[in-house]
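I opened my notebook to look up a few spots in a structure. Here is what I wrote down, entry by entry.

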Amino acid sequence: MRIIAVMSGKGGVGKSFVATGLAAALHRSTGKAAVLDADITGSSVPHLLSVPRGAHVDAEGNLVPGMSPDGIRVASMSLMLPADDKAIIWRGPLISSAITQLFNDTDWGDSEYLVVDMPPGTSDAALTVLQTLKPDGIVLVTTPQDMVTNVARRSQDMARQSEVGVFGLVMNMAYAVCPHCDERIEVFGPVDSSKEGDMPRLATLPLSPAWAELADAGRSGEVANEEFDAVAQTILAELKVAEAVS
Ligand SMILES: Nc1ncnc2c1ncn2[C@@H]1O[C@H](COP(=O)(O)OP(=O)(O)OP(=O)(O)O)[C@@H](O)[C@H]1O
Ligand SMILES: [Mg+2]
């Protein structure tokens, strides 16, 4: 299984939004995408992809993942909780072992592309994903603000130290479009691409109230189809090249 980790330097920049949008695009293209929700304490993947709660173990003792209406397999601790408002309050080591177990013990079936929704920052849990799951590459999600303050570069550095490659970055919330005059408003200031270094820009996404509404309604797989399809194709092509040279 090829593993694509979606990471960012800080919270709330749209990791889960991008992870689910990318998984949906990979699924449209290959029919074999799955998502591992590695944000144990701040889970949002099941909600974004309308995965019904519930956890089952098969006869071999493997965890049966949840399933989105489109057929994307999702493994998430939050599917095991009795209600949405229940919190998981665990310390780092327990969270790290939960991520490893979710990954190892889930029956991923014929899934070939696993998108991992990471917790924010360069925490214990992020380190576990990089070192234990050894992703084939990372997608960094940033806002223009993060680039200015070098937050995104810290994630890139963490990936480099863990010897994991970076596919590129998704510049999220880059601008909003005025509904009256169609003017582009750079909500978080202009994008300074000189700060992006050697990271290719995979996509530039606006802050869109329509997308926010779809995501909130559990239809995150339907947002920015064109943009996410392009990101998925870039990643699939890179994976193919990596396979050819290995
Ligand atoms: N481009 C966008 N347009 C509109 N809404 C967006 C966009 N990107 C993200 N959102 C919304 O912003 C909120 C935060 O996004 P999301 O939960 O994906 O961030 P995150 O980085 O995963 O946060 P956390 O660090 O808490 O896991 C969500 O409600 C999401 O639907
Ligand atoms: Mg998230």
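**M173.** I looked up M173 and found it in the loop between β9 and β10 (176-177). Helices (H or I, at least four residues) and strands (E, at least two) are DSSP runs, numbered from the N terminus. M173 has a positive phi of about 55° although it is not a glycine. Is M173 buried or exposed? M173 is buried, because 23 other C-beta atoms lie within 10 Å. The cut-offs I used: buried means 20 or more other C-beta atoms within 10 Å of the residue's own, exposed means 12 or fewer, and partly exposed is in between, with C-beta atoms placed from the backbone.

**A note on the model.** This is a predicted model, where local features need pLDDT of at least 70 and side-chain atom pairs count only at pLDDT 80 or more, while totals for chains, interfaces and linings use all residues. Residues are numbered from 1 along each chain as its sequence is written, and chains are lettered from A and ligands numbered from 1 in the order in which they are written.

**E163.** My next stop was the loop between α6 and β9 (166-171), where E163 lies. E163 is not a glycine, yet its phi is positive, about 60°. E163 counts as exposed because it has 9 C-beta neighbours inside 10 Å.

**L81.** I found L81 in the loop between β6 (73-75) and α3. L81 is partly exposed, because 16 other C-beta atoms lie within 10 Å. From L81 to S193 I count 112 residues in sequence and 42 Å in space, C-alpha to C-alpha.

I went to strand β1 for V6. V6 is buried, because 27 other C-beta atoms lie within 10 Å. Contact here means that the C-beta atoms, placed from the backbone, lie within 7 Å. L22, again leaving aside neighbours within four places, is in contact with V6, V115, V139, F228, V231 and A232.

Which residues touch the most other members of the largest nonpolar core? Of its 64 residues, they are V6, L22, V115, V116, V129, V139 and V170. Helix α1 gives the most to this core, with eight residues. A nonpolar core is a set of buried Ala, Val, Leu, Ile, Met, Phe, Trp, Tyr and Cys residues joined through C-beta atoms within 7 Å.

**α3 and α4.** I checked how helix α3 (residues 92-105) packs on helix α4 (residues 124-133): the angle is about 35° and the axes are 9 Å apart. Axes are lines fitted to C-alpha atoms, for helices over the stretch in contact, and angles run from 0 to 180 degrees between N-to-C directions. On the α3 side, the contact is made by G92, I95, S96, I99, T100 and F103. On the α4 side, D124, A125, T128, V129, T132 and L133 take part. Within α4, A125, A126, T128, V129, L130 and L133 are buried, and their cover includes β1 (2-7), α3, β7 (113-117) and α6 (151-161). Just after α4, K134 takes a positive phi of about 45°.

**Ligand 1.** How many residues surround ligand 1? I noted 20, the closest being G11, G14, S16, F17 and A215; near means a C-beta atom, placed from the backbone, within 6 Å. Helices α1 (15-30) and α7 (209-216) each supply at least two residues of this shell.

Notes. Two residues are in contact if their C-beta atoms, placed from the backbone, lie within 7 Å.
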